[in-house]
Amino acid sequence: MASMEEDGSVEEKDNNNKKRTKSAIAVAWLTFYNIAMTAGWLVLAMAMMRFYIQKGTHKGLYKSISRTLKFFQTVALVEVGHCAIGIVRTSVIVTGVQVCSRIFMVWFITNSIKQIQNEESVILFLVVWTLTEITRYSFYTFNLLNHLPYFIKWARYNMFIIMYPLGVAGELLTIYAALPFVRKTGMLSMRLPNKYNISFDYYYFLIIVMLSYIPLFPQLFFHMLRQRRKVLLGEIIVEKDE
């Protein structure tokens, strides 16, 4: 009959084996997910380039890629789940804000208001999103495979300094362009009286969304700057100490 110590040792080994199995499954899933998302955004990039080369204009570009864009941007909700269950060590709130704000831009602004789909600001945030996501998902993929090229790491933690403000500018200009159409049509608004006894004005809601960028943008931007210092500058400090 096994002693208590032996029983404890066996139980601990079983727990460690289960953790390793769960970790291996999580890594396999995350690798597959990030490869798929990298491929998806590469498809979007090639579709945009092909459209512009063939047509020589950005007009009609959004409509030509909208299905692919909506699919891959909506699938990104999975990343909030990754944070929630702990297989990715990132804040659920930070990830949730970033993912949901993009989904809102796609579904409730650009997709819902066809009159603004040919705005230059739409192309601006689409190009920024595409370059950012190709870099980000490539970074995650190579990192999981333990073969991370330095230029991808460098791009991941430097490109955002320019891309993030440009993306925010594109999003804000797009929402601003949508305001007259929302006000004129009263879309997604509820007027009193109604059976729910609720009043909601989508026009003013969009203005609140625009104002929310004032506190949120600096927080997310400085969060990335802190990550940059930790990943890039941290390595430089270590090398100097050695």
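The protein has eight helices and zero strands. From the N terminus on, the order of elements is α-α-α-α-α-α-α-α. Of the 242 residues, 38% are buried.

## Confidence

The mean pLDDT of the protein is 89. A value of 70 or more is reached by 87% of the residues. Residues 1-6 form one of them, with one contact beyond four places in sequence. Residues 236-242 are also below 50, and this stretch has zero contacts in the model beyond near neighbours in sequence. Where pLDDT is low, the predicted coordinates should not be read in detail.

## Annotated transmembrane regions

An unreviewed UniProt entry lists residues 24-47, 93-110, 122-139, 159-182 and 202-222 under "transmembrane region". Two of these spans can be set against the model. Residues 159-182 are 96% helix and 0% strand. The end C-alpha atoms of residues 159-182 lie 34 Å apart. Residues 202-222 are 100% helix and 0% strand, with end C-alpha atoms 30 Å apart.

## The nonpolar core

The largest nonpolar core has 54 residues. Trp41, Leu69, Ile109, Leu126, Ile175 and Leu206 have the most contacts inside it. The elements that give two or more residues to this core are α1, α2 (61-75), α4, α5, α7 (160-185) and α8 (202-241). Helix α8 gives the largest share, eleven residues.

What does Ile109 touch, not counting residues up to four places away in sequence? The partners are Phe104, Ile116, Thr174, Ile175, Ala178, Tyr202 and Leu206. Two of these partners, Ile175 and Leu206, are listed with Ile109 among the residues with the most contacts inside the core.

## Aromatic pairs

The model holds 18 aromatic pairs. One of them joins Tyr33 and Tyr137. The pair is edge-to-face, with 6.1 Å from centre to centre and 80° between the planes. Tyr33 lies in helix α1 (residues 4-55) and Tyr137 in helix α5 (residues 120-144), so the pair ties together parts that are 104 residues apart in sequence. Are these two tyrosines buried or exposed? Tyr33 is buried, at a relative accessible area of 5%. Tyr137 is buried too, at 0%.

A second pair is Phe200 with Tyr202. The ring centres are 6.5 Å apart and the planes meet at 45°, so this pair is tilted. Phe200 is partly exposed, at 30% relative accessibility. Tyr202 is buried, at 3%. Both residues belong to one aromatic cluster, together with Phe104, Phe108 and Phe205.

## Charges over rings

Two arginines sit over aromatic rings. The charged end of Arg156 sits over the ring of Phe139, 6.0 Å from the ring centre. The charged end of Arg183 sits over the ring of Tyr203, 4.6 Å from the ring centre.

## Thr95 in helix α4

Thr95 lies in helix α4 (residues 92-110). At 8% relative accessibility, Thr95 is buried. The cut-off for buried is under 20%, so Thr95 qualifies. Leaving out residues up to four places away in sequence, Thr95 touches Glu79, Val80, Cys83 and Thr90.

## Ile161 in helix α7

Ile161 lies in helix α7. Is Ile161 buried or partly exposed? Its relative accessibility is 34%, which counts as partly exposed. Beyond neighbours within four places in sequence, Ile161 is in contact with Phe221 and Arg228. Ile161 and Phe221 are 60 residues apart in sequence, yet their C-alpha atoms are 8.1 Å apart in space.

Methods. Residues numbered from 1 in each chain as written. Predicted model: local features only at pLDDT ≥ 70, side-chain atom pairs only at ≥ 80, totals over all residues. Heavy atoms only, no water. Phe/Tyr/Trp six-rings, centres within 6.5 Å; stacked < 30°, edge-to-face > 60°. Helix = DSSP H or I, 4+ residues; strand = E, 2+ residues; numbered from the N terminus. Buried < 20%, exposed > 50% of the residue type's maximum accessible area, 1.4 Å probe, protein only. Lys NZ or Arg CZ within 6 Å of the ring centre and 35° of its normal. pLDDT = per-residue confidence, 0-100. Contact = heavy atoms within 4.5 Å. UniProt positions renumbered as here; feature names shortened; annotations may be inferred. Core = buried A, V, L, I, M, F, W, Y, C linked by side-chain atoms within 4.5 Å.
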